[in-house]
Amino acid sequence: MRAGHGRRHQGAGRLKASGGTIRTGAEVDQVLIRNGKAKGVVLAGGEEIYGKLVISNADVKRTFLKLVEEKELPDIFLRRVRNFKIRGSSGKVNIALDSLPEFPALPKDSPAYRADMHFTDSIERMERAYDDRKAGRWSADPFLDMMIPTTLDPTMAPPGKHFMSCFVQYAPPKIDGRDWTDADRDGFAESVIAQVAQYSPGFRDRIVHMEVRTPREIEAEVGLTEGNIFQGELTFDQLLFNRPVPGYAQYRSPVGGLYMCGSSTHPGGGVMGAPGRNAAAEILRDLAKPTLHMSPAHDVI
Amino acid sequence: MTSSDLNWDAIVIGGGHNGLVAAATLARSGRAVLLLEAGNEVGGAARTEEFAPGFRVSTVAHLLNRLHPDVVKTLELERHGLTVEHGDFMPSVALSKDGPLTLHGAYGEVLTGASPSEQSAWKDLRAQLLRYAGVLKPFLSRRPPGLGGMSLAEMTGLGQTALALKRLGKEDMRDFLRVLLMNVYDLLDEQLSDDRLKGLLAFDATLGSHLGPRSPTSLLGLYYRLSGEIGGLAGAQVQPKGGMGAVVAAIRAAADKASVSVRPASPVAKVIVEKGRAVGVVTQGGETLRAKAVISAINPATTILELVGSREVDTGFVRKVKNIRMKGDAAKLHLALDRPPQFTGVDAADHKGRLVAAPSPDHVERAFNPSKYGEFSPEPVMEITLPSLADPSLAPSGACVLSAVVQYAPYALREGWATGKPRFLKAIMAQLETYAPGIGATVRHFELLTPADIEARYRMPGGHWHHGELQADQMLMSRPVSGWSGYDTPLEGLFLAGAGSHPGGGISGAPGFNAARHIIAMRA
């Protein structure tokens, strides 16, 4: 797809066309609650914005442990939110390249250059990468989900230059129980570059610039707690009627008028929009408004 | 007239404890039952054997924690010499360099050696675990639910489970459903903080399986353990006087009383199949024995692939049987010691308990990692008992027997057990030495059984004491294989009754008992 995930801007356009307003640079600090009902939000700058409904697209931990005061929530709900597992496990390395890397193992002009590439040739290698993660380290020999999007869409880089996107596993939210340091981040990047260079001679010389995102950066930049890209682990105990927490799997929360619509909710993460769509349907139901205008969705499960 | 001319009602293959339970139960219904045991003694993996001159030990299973109450009652095992009293319950001691922690009574009715807050957290968690295991417990004595064409009794059984869930109350039921398939590591992290206690529980959850505490669904292993009961108390454990062989002796006595004909040293070569029906067996000695029903209480894969043969059953079924995972990870160590060892910080009474060397869940996880790659744990985890302290008849006067289950020792060790075994023994002894300094110097004789040894000696493929990994995909209606979980096989007249069938391994007698009751109910 050309423009990559930029297509979400089309969604933004549609929101505006439907009469919505988007404000950027408007970090929410708190959800305003009066008598157990959400009345609006307070922005980081102190501005108060009132609304009939508040729908949080932030993860369940961020929403209920940071934006909502403890006293507004039942103990059992708080306990379950605290127990929600949202440990990050991946990182991202975006690499600007001077020229297209070569992979001698591929025939020249192989369509694989435009494909999703992996170097992981055995399950044992993946498993060992996970052992490092369990021990609180990034994987010394990570597995990469690697693409060169400029082979499909040359407009993403200056003429002749390329961009490589590496999704990397595993990267824990903390290193040996402490926060990531810049040196850790560089070590993590090096494990990625070293692996690519093993399969692509001269790779290091082509690197013009690199952007490294460990769970630390992901949390700081995107606001995902512990850098978990799915806003919560997709294990059985956190799926279906247990997502995000038992008793609140239907986008509602213990606070009246406060809803959840992010990947922390059913069915989970990935760029699919299903949690948002389902949340909208539930909200319309609570408002006793019709949902006929919603286009049909595919069943997820 | 020779036995060949007799038409038996039932022939039971395998004189392990499940085979004996099945045979005794069938015989009590008036059937003429012949039990064929390959070895010279019945008892299978529940035997007490001499491993060094004057030293005897329960060579595979060394603790009794789940002999099913229906088996005890129906076979009147107490009348046949099996007695358990509350005072016999063994404590579980979590060994650690920080000093031990002890679970007393039935799985920690009282916890000592931990902080008051941890004791209170344990009280809550223990109650919760027993409650949840209690919901699952009735499944032990039933055939697994079928997926279609359920009988009224099966429907009623499931209905009772639904009711039991409902009785938990809304919030507790929600937690039950949330944690059911969780890994034990995460659950312990939610509720406890003492690594020693968490290590012991993580060990118990993964004992006998190819799972680490952080592997998905590892909590099920703890539920399985806690669904067992002894003397009416869930989670309790005892060492029978005379070793596990005494339990077998009681079941054997019940079988004798019910007039089961037991023939040791009679390995079966083949199950005779005529027109899709099992009609008897041929022994390795060449003798043909015919029966209305053949009940195999040995390994399901051995039964189908070797005794029946793949040409007698459909390919799909054969494929499923071949796919049963059953490579064991547990080794068994027996030491003949000059004198009782002294475990640091452990008092005299607790030496008679179960000593668990698994100081933290992370330690157990690290021990598990190499087994994924066919390597043994450099710092193994283990469950140690000193059975001769409570039963001096097991060792010469003043000497001591040590019996330990040690993980992880992968069946298919990459380097091979010929060179691996002495290295593994060294790793085990190094661990033992840290908890009981000086123990190494008192070793008079040792026996280390790797899964490969257990396979060869006890005819247990993969050396796996459950005869098939006890994991979610090989439990209930998927045990031993999906579609054939109710002790039946595609061959009419052939039934499975060993640990490879539901509910699984351990000295419970449940698979043998359930199979026999099923056969009696269907009048086979």
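Good morning. Between chain B and chain A, 15 residue pairs are in polar contact, counting pairs in which both residues have pLDDT 80 or more. That threshold applies because this is a predicted model, in which side-chain atom pairs count only at pLDDT 80 or more.

Let me stay with the interface. Ten salt bridges are found across it. One of them joins the side chains of B:D175 and A:R80, at 3.3 Å from N to O. On the side of chain B that touches chain A, helices α5 (170-179) and α6 (184-191) of chain B each supply at least two residues.

In extent, the contact involves 18 residues of chain A and 16 residues of chain B. Together the two chains bury about 1700 Å², with 44% of that on carbon and sulfur atoms. Within chain B, the residues losing the most area to chain A are B:R178, B:R214 and B:Y373, which together make up 34% of what that side buries.

I turn now to chain A. Its division gives domain 1, covering 28-85 + 228-286, and domain 2, covering 90-222. The C-alpha centres of these two domains lie 32 Å apart.

Chain A also contains an open sheet of four strands, ordered β6-β7-β5-β8, with antiparallel pairing. Its edge strands are β6 (143-147) and β8 (207-213), each pairing on one side only. From one strand to the next, the twist averages 20 degrees. Strand β5 (residues 90-97) is joined to β8(A) by six bridges, and A:K92 has A:R213 in β8(A) as its bridge partner. Finally, helix α5 (residues 182-199) of chain A lies across β5, β6, β7 (162-169) and β8 of that chain, running at about 125 degrees to β8(A).

Thank you.

Note on methods. Residues numbered from 1 in each chain as written. Chains lettered and ligands numbered in written order. Predicted model: local features only at pLDDT ≥ 70, side-chain atom pairs only at ≥ 80, totals over all residues. Heavy atoms only, no water. Pairing = 2+ DSSP bridges. Axes fitted to C-alpha atoms, helices over the stretch in contact; angles between N-to-C directions. Contact = heavy atoms within 4.5 Å. Domains from an automatic or database assignment. Buried area = accessible area lost by both parts, 1.4 Å probe. Salt bridge = Lys/Arg side-chain N within 4 Å of Asp/Glu carboxyl O. Polar contact = N/O pair within 3.5 Å; in protein donor to acceptor, adjacent residues only side chain to side chain.
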